[in-house]
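My notes follow, in the order I looked things up.

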Amino acid sequence: MSSLAGIKVMVIDDSNTIRRSAEIFLGQAGCTVILAEDGFDALAKITDNHPDVIFVDVMMPRLDGYQTCALIKKNPRFKSTPVVMLSSKDGLFDRARGRMVGSDEYLTKPFTKDSLLAAVGTHATSAT
C-alpha cells in the first residue's frame, strides 16, 4: 500500500474513536491525515489543507454530512475533490441522498482498514 504515501486525507467525524481508527489506518499507509470534529471545523481546514480525499460522517451535530458534502461540492475549488460518506445506516435512501449531494462513495461503519484504504486508493488516483 505504499502507493498511498503522501496522499492528504481528511476525516470528518464527531466520534473520537472513528477519527483515531481512521488516523491510525491511514497513517500506517503513509497518508497525511487531517482530522475534523464536524462540518464547520472541516470547512475551515479544507481551505488551508486542500485534501486529496475527504471522508465525512453523515450524522454530526451542527452541520451534518450531507450539508457538509453539498457545501464542499458547491465550492469551485473543491468540487472535484472526492467525498466519501461514512455512515452506520446502509439503506438505499441514505445512499441515494449521499449521491444527490455529490458524494463519490458511501462507506458503511464500522469500516475495515482494507475498505478505508481501498476507497482512498480508488479516489486519490482519480483525483490526481
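**Entry 1: rings.** I am working from a predicted model. I looked for aromatic pairs and got one. In it, the ring centres of Phe25 and Phe111 are 6.5 Å apart and the planes meet at 75°, so I logged the pair as edge-to-face; the angle cut-off for that label is over 60 degrees. Phe25 sits in helix H1 (residues 16-28), while Phe111 is in the loop between strand S5 (105-108) and helix H5 (113-127), so the pair ties together parts 86 residues apart in sequence.

Phe25 has a relative accessible area of 21% and is partly exposed. Phe111 comes out at 10%, so I noted this residue as buried, the limit being under 20%.

**Entry 2: overall layout.** I find five helices and five strands, arranged along the sequence as β-α-β-α-β-α-β-α-β-α. The C-alpha trace spans about 35 × 30 × 25 Å along its principal axes. For 128 residues, a compact globule would have a radius of gyration near 14 Å, and the 13 Å I read off agrees with that. Of the 128 residues, 45% count as buried. I also saw that, among contacts with a separation of 6 or more, 62% join residues 24 or more positions apart.

**Entry 3: cores.** Which residues have the most contacts inside the largest nonpolar core? I got Val9, Leu26, Phe55 and Val120, in a core of 20 residues. Two or more residues each come from strand S1 (8-12), H1, strand S3 (53-57), strand S4 (83-87) and H5, and H5 gives the largest share, with five.

**Entry 4: helix H2.** Which residues of H2 (residues 39-49) are buried? They are Gly39, Ala42 and Ile46. Their arc around the axis is only 50°, which means they lie on the same side of H2. The buried residues of H2 pack against S1, strand S2 (32-36), S3 and helix H3 (65-74).

Last, I looked at both ends of H2. Asp38 caps the N-terminal end, with a side-chain oxygen 3.0 Å from the backbone nitrogen of Phe40. After H2 comes His50, with a positive phi near 45°.

Definitions and conventions: Residues numbered from 1 in each chain as written. Predicted model: local features only at pLDDT ≥ 70, side-chain atom pairs only at ≥ 80, totals over all residues. Heavy atoms only, no water. Phe/Tyr/Trp six-rings, centres within 6.5 Å; stacked < 30°, edge-to-face > 60°. Helix = DSSP H or I, 4+ residues; strand = E, 2+ residues; numbered from the N terminus. Buried < 20%, exposed > 50% of the residue type's maximum accessible area, 1.4 Å probe, protein only. Core = buried A, V, L, I, M, F, W, Y, C linked by side-chain atoms within 4.5 Å. Arc of directions from axis to C-beta. Contact = heavy atoms within 4.5 Å. Polar contact = N/O pair within 3.5 Å; in protein donor to acceptor, adjacent residues only side chain to side chain. Rg over C-alpha atoms; globule rule 2.2 N^0.38 Å.
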